[in-house]
Amino acid sequence: AAFLILITVCSLAEADSDNYIAYYRRATVYLAMGKSKAAICDLSKAVELRQDFTSARLQRGHLLLKQGKFDEAEDDFKNVVCVWDAELRELRAECYIKEGEPSKAISDLKAAAKLKNDNTEAFYKISRIYYQLGDHELSLSEVRECLKLDQDHKQCFSLYKQVKKLNKEIESAEEFIREGRYQDAINKYESVMKTEPDVPVYATRAKERICHCLSKAAEAIKVCTEVLQLESTNVNALKDRAEAYLLEDLYEEAIKDYETAQANSENDQQIREGLERAQKMLKQSQKRDYYKILGVKRNAQKQEIIKAYRKLASQWHPDNFQSEEEKKKAEKKFIDIAAAKEVLTDPEMRRKFDAGEDPLDAESQQGGGNPFHRNWNTWQGFNPFGSGGGPFTFKFHFS
């Protein structure tokens with residue numbers, strides 16, 4: 001029967017080559033026979049003869065969509081989509097999803113959700129898109145709208161449980177960060193990666209936040225680098241890695257990260273201040289580094305600093321040396337050790353030094369000389385383990 005119909009419509013099409021209806025009818029016969037390629041050719045001819053032939057465009061759009069020709073299908077749907085047609089908007093949204101344009105898909109689906117009553121499918125799709133994009137909060141909001149319409153909707157309920165669990169873990173982790181409970185935050189973000197292993201954006205965001213929590217420790221460099229291998233312009237990871245580099249005295253690397261971050265976020269004051277500080281610290285490192293003098297890390301506690309100072313002061317006291325050459329070397333070393341202790345145990349002086357300014361450098365101070373730029377005579381009689389008989393006395397504070 002289909003063959004006889006095909007013969008008839010072929011005769012009509014050949015008799016009148018401008019008869020767009022004949023081409024459309026023959027295309028429907030081809031479709032019934034499973035010959036989609038031939039059907040597309042006739043549908044294209046029908047559209048060519050009449051640009052506003054909606055039925056032909058829709059049929060061709062559906063066929064192209066099935067064949068994975070999303071760009072061409074989108075063109076057809078764009079030409080026929082009526083602002084009031086929910087079904088056509090959903091079809092076009094599907095094309096946008098396939099083409100990697102989620103924002104356009106969301107726009108059409110939101111319109112479809114308003115145009116069609118109880119459109120749970122549209123809300124479900126919107127929630128899925130947001131979830132894949134890493135916006136768990138909006139995903140949760142949309143899937144709740146779906147469940148308001150149908151609380152027994154299986155797909156929406158399953159998605160709701162997943163998003164709610166993930167959302168709760170992320171909120172808990174962020175609360176830990178606000179409270180300064182960084183290890184708890186790290187543990188929680190590790191749980192996030194286990195909860196959602198199939199959507200890469202959540203693993204990346206979790207590592208970014210873990211990187212932030214570790215920004216006061218050298219291991220942050222490794223985690224931040226993992227994030228930057230996936231997102232080379234991730235500003236947060238660049239800032240945190242820069243801070244970690246500074247703790248490791250890798251000033252040039254820190255400057256490079258801050259410059260990359262600044263190129264991608266020009267108006268970020270934190271980046272600007274961090275870059276200036278890193279540049280000062282590089283310049284400072286080429287002079288005198290009090291942390292290196294005492295052999296302690298930049299995040300060393302006061303007790304660690306005092307302990308290191310006592311050990312070195314005892315080791316390098318000039319009275320321990322015999323020859324004049326050795327005494328002179330020890331005197332210089334001892335003065336540097338005393339200066340380092342004075343700066344790093346005074347909160348205000350240490351703050352200035354950490355900001356890239358040497359509080360004992362006469363060049364960086366307004367007026368007055370460097371109190372440590374004295375000769376050894378100034379220090380004679382000094383006892384590093386108690387109050388000395390010299391003009392300068394150290395006092396240890398163990399608070």
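Which side chains meet in a salt bridge with 2.9 Å from N to O? They are those of Lys104 and Glu101, and this pair opens a series of close-up views of a predicted model.

**View 1. Salt bridges between partly exposed side chains.** The Lys104 to Glu101 salt bridge, 2.9 Å from N to O, joins two partly exposed residues, with relative accessible areas of 37% for Lys104 and 24% for Glu101. Arg181 forms a salt bridge with Glu179, where the closest N and O atoms are 3.1 Å apart; here too the partners are partly exposed, Arg181 at 38% and Glu179 at 42%. The count for the model comes to 23 salt bridges, and among the residues concerned, Arg89, Arg92 and Asp108 are linked in a network.

View 2. Glu348 and Arg351 meet through their side chains at 2.8 Å, N to O. Both belong to helix α20 (residues 347–354), and because they are 3 residues apart they are separated by about one helical turn. An α-helix has 3.6 residues a turn, so residues three or four places apart point the same way. The relative accessible area is 41% for Glu348, which is partly exposed, and 47% for Arg351, likewise partly exposed.

View 3. Glu90, placed in helix α6 (residues 86–99), is buried yet has no salt bridge. The nearest side chain of opposite charge is that of Lys125, at 4.3 Å, whereas a salt bridge requires the nitrogen to be within 4 Å of the carboxyl oxygen. With neighbours within four places in sequence left aside, Glu90 is in contact with Leu109, Ala112, Lys116, Asn119 and Lys125.

View 4. Of the 2 disulfides found in the whole structure, one joins Cys146 to Cys156, with an S to S distance of 2.0 Å. The link is right-handed, with 95° about the S-S bond, and it connects distant parts of the chain, since Cys146 sits in helix α9 (residues 136–149) and Cys156 in helix α10 (residues 154–178), 10 residues apart. Cys146 is buried at a relative accessible area of 0%, and Cys156 also counts as buried at 0%.

**View 5. The surroundings of helix α9.** The 14 residues of α9 should span 20 Å at 1.5 Å a residue, and the end C-alpha atoms are 20 Å apart, which agrees. The buried residues of α9 are His136, Ser139, Leu140, Glu142, Val143, Cys146 and Leu147, and these buried residues pack against α7 (102–115), α8 (120–133), α10 and α12.

View 6. Cys211 lies in helix α12 (residues 200–213) and Cys224 in helix α13 (residues 220–230), so the pair ties together parts that are 13 residues apart in sequence. Both ends are buried, Cys211 at 0% relative accessibility and Cys224 at 0%. When the bonded cysteines of the protein chain are numbered in sequence order, the pairing reads 1-2, 3-4.

Conventions
Residues are numbered from 1 along each chain as its sequence is written. This is a predicted model: local features need pLDDT of at least 70, side-chain atom pairs count only at pLDDT 80 or more; totals for chains, interfaces and linings use all residues. Side-chain values use heavy atoms; hydrogens and water are left out. Helices (H or I, at least four residues) and strands (E, at least two) are DSSP runs, numbered from the N terminus. Buried means under 20% relative accessible area, exposed over 50%, partly exposed in between (1.4 Å probe, protein chains only). Lys and Arg count as positive and Asp and Glu as negative; His and the chain ends are not counted. Contact means heavy atoms within 4.5 Å. A disulfide is a pair of cysteine sulfur atoms within 2.5 Å. The expected span of a helix is 1.5 Å times one less than its number of residues.
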